Amino acid sequence: MILDNIKTRVIGVDINIDKTSCAIVDIRGNIIAIKDFPTLDFPNISDYLAVLCEIILELLDENGGYETVRSVGISVPSANFVTGCIENAPNMPWKGVIPLAAMLRDRLGLAVALGNNAHVMALGEATFGAAHGMRDFIIVSLGSGMGSCIFSNGTVYLGTNGFAGEIGHTCIEHNGRACGCGNRGCLEGYTAIKGILRTAKEVMEESNLPSKMREAETLTPLMIAGFCEQGDELAQEVYRRTGHYLGLGLANYCSLLNPEAIIFTGSVSRAGRWLLEPAAQTFEEHVFHNIERKVNFVVSQMDEHVRDLLGASVLAWEVKEYSLFK
């Protein structure tokens with residue numbers, strides 16, 4: 001018989017282009033402690049990893065030590081749960097294939113699970129958020145990119161190589177806008193931040209109508225949504241076009257998957273009705289007729305920062321325990 005203490009905490013790590021956050025999370029989903037540092041200050045992956053390990057070790061030293069922590073879960077764009085690698089991330093500073101899970105495991109001596117940010121969002125929403133109790137739903141994250149995760153029959157569906165759900169890199173416009181992935185016409189190029197700003201530029205060039213967008217020194221999608229509220233016709237046209245592309249892409253997606261709901265998250269989703277009403281209209285016009293009006297559009301109400309740390313902690317609980325210190 002082996003007698004061992006049950007470890008009741010994990011480390012959740014959320015890596016995005018602006019900031020990396022590390023948190024100790026207990027078995028009930030309570031965040032015990034958290035530390036942040038700027039991601040882009042470390043464009044060299046070795047330097048970044050050294051700082052990440054230092055921050056995690058500081059958290060452990062200040063909050064009970066190694067013996068209380070079971071494993072580490074990491075959320076990062078373009079991560080592959082199957083391989084444990086960040087793979088050719090178009091919006092992150094490190095290029096190529098980065099075996100981050102293995103690198104961190106070797107330095108910390110703890111089990112490490114790595115998932116892309118949409119995968120981790122799905123775990124967070126399913127465990128703590130809007131998807132709690134749902135068995136079939138889709139996460140769609142709209143921000144610097146367009147991420148997605150398929151939650152099917154109560155579990156995340158990753159596909160053979162871990163890349164299932166890349167709706168943002170499906171072609172929506174033949175020979176359309178260049179995408180950071182190297183292809184042209186990807187949905188992400190019309191629905192993520194850069195794509196929306198490009199649409200705004202096109203709309204303003206096509207019309208002589210006045211618009212508050214012309215006066216903005218640094219335009220953002222949320223500013224455009226604010227101008228929509230003020231009755232700016234060109235701003236409303238920007239989101240009408242964006243919503244059309246989004247609805248068309250999601251109609252194709254849901255005709256294949258037949259989910260209960262699409263849960264929207266990310267900064268662009270905060271445009272609210274200006275984005276989602278035209279998206280829903282196009283969606284219902286193009287989705288397979290037997291599921292018309294049967295897919296709910298839901299905007300996540302969770303604090304995204306907290307949700308992603310909690311989702312990373314769920315990932316950590318699912319990985320097989322490993323420790324150099326047992």
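The model is a predicted one. The largest nonpolar core has 42 residues, and a search of the whole structure turns up 13 salt bridges.

- Strand 9 (residues 137–142) has six of its six residues buried, so the rest of the structure largely encloses it.
- In general, side chains along a regular strand alternate between the two faces of the sheet. Here, Phe137, Ile139 and Ser141 point one way from strand 9, while Ile138, Val140 and Leu142 point the other way, and all of them are buried.
- On one side, strand 9 pairs with strand 10 (residues 146–152) in the antiparallel sense, over six bridges. If you want a pair to look at, Ile138 has Ile150 of strand 10 as its bridge partner.
- Strand 9 also runs parallel to strand 12 (residues 261–265), with five bridges joining them. Phe137 sits opposite Ala261 in strand 12, and Val140 sits opposite Phe264 in strand 12.

**The nonpolar cores**

- Which residues have the most contacts inside the largest nonpolar core? They are Met213, Ile224 and Tyr239, in a core of 42 residues.
- Strand 9, strand 10 and strand 12 each put at least two residues into this core, as do helix 5 (193–206), helix 6 (221–229), helix 7 (233–257) and helix 8 (273–286). Helix 7 gives the most, with 11 residues.
- Another core, of 34 residues, lies apart from that one, and its members include Cys22, Ile55, Ile74 and Leu108.
- Back to Met213: setting aside residues up to four places away in sequence, Met213 touches Ala200, Met204, Leu219, Ile224, Phe227, Asp232, Leu234, Ala235 and Val238.

- Strand 5 pairs with strand 6 (residues 85–87) over two bridges, in the antiparallel sense. Asn80 has Cys85 in strand 6 as its bridge partner.
- Val82 is found in the loop between strand 5 and strand 6. With 46% relative accessibility, Val82 counts as partly exposed.
- Leaving out neighbours within four places in sequence, Val82 makes contact with Asn161 and Gly162. Its C-alpha atom is 9.3 Å from that of Ala113, which is 31 residues away along the chain.

**Salt bridges**

- Glu125 and Arg307 form a salt bridge, with their closest N and O atoms 2.8 Å apart. Glu125 is in helix 3 (residues 117–128) and Arg307 in helix 9 (residues 304–318), so this pair ties together parts 182 residues apart in sequence.
- Are the two partners buried or exposed? Glu125 counts as buried at 0% relative accessibility, and Arg307 is buried too, with a relative accessible area of 0%.
- Arg307 also forms a salt bridge with Asp308, where the closest N and O atoms are 2.5 Å apart. Both Arg307 and Asp308 are buried.
- Glu229 and Arg273 meet through their side chains in a salt bridge (4.0 Å, N to O). Glu229 lies in helix 6 and Arg273 in helix 8, so the pair ties together parts that are 44 residues apart in sequence.
- Glu229 counts as exposed at 53% relative accessibility, whereas Arg273 is partly exposed, with a relative accessible area of 42%.
- A network of salt bridges links Glu206, Glu237, Arg240 and Arg241.

How values were computed
Residues numbered from 1 in each chain as written. Predicted model: local features only at pLDDT ≥ 70, side-chain atom pairs only at ≥ 80, totals over all residues. Heavy atoms only, no water. Pairing = 2+ DSSP bridges. Helix = DSSP H or I, 4+ residues; strand = E, 2+ residues; numbered from the N terminus. Buried < 20%, exposed > 50% of the residue type's maximum accessible area, 1.4 Å probe, protein only. Core = buried A, V, L, I, M, F, W, Y, C linked by side-chain atoms within 4.5 Å. Contact = heavy atoms within 4.5 Å.
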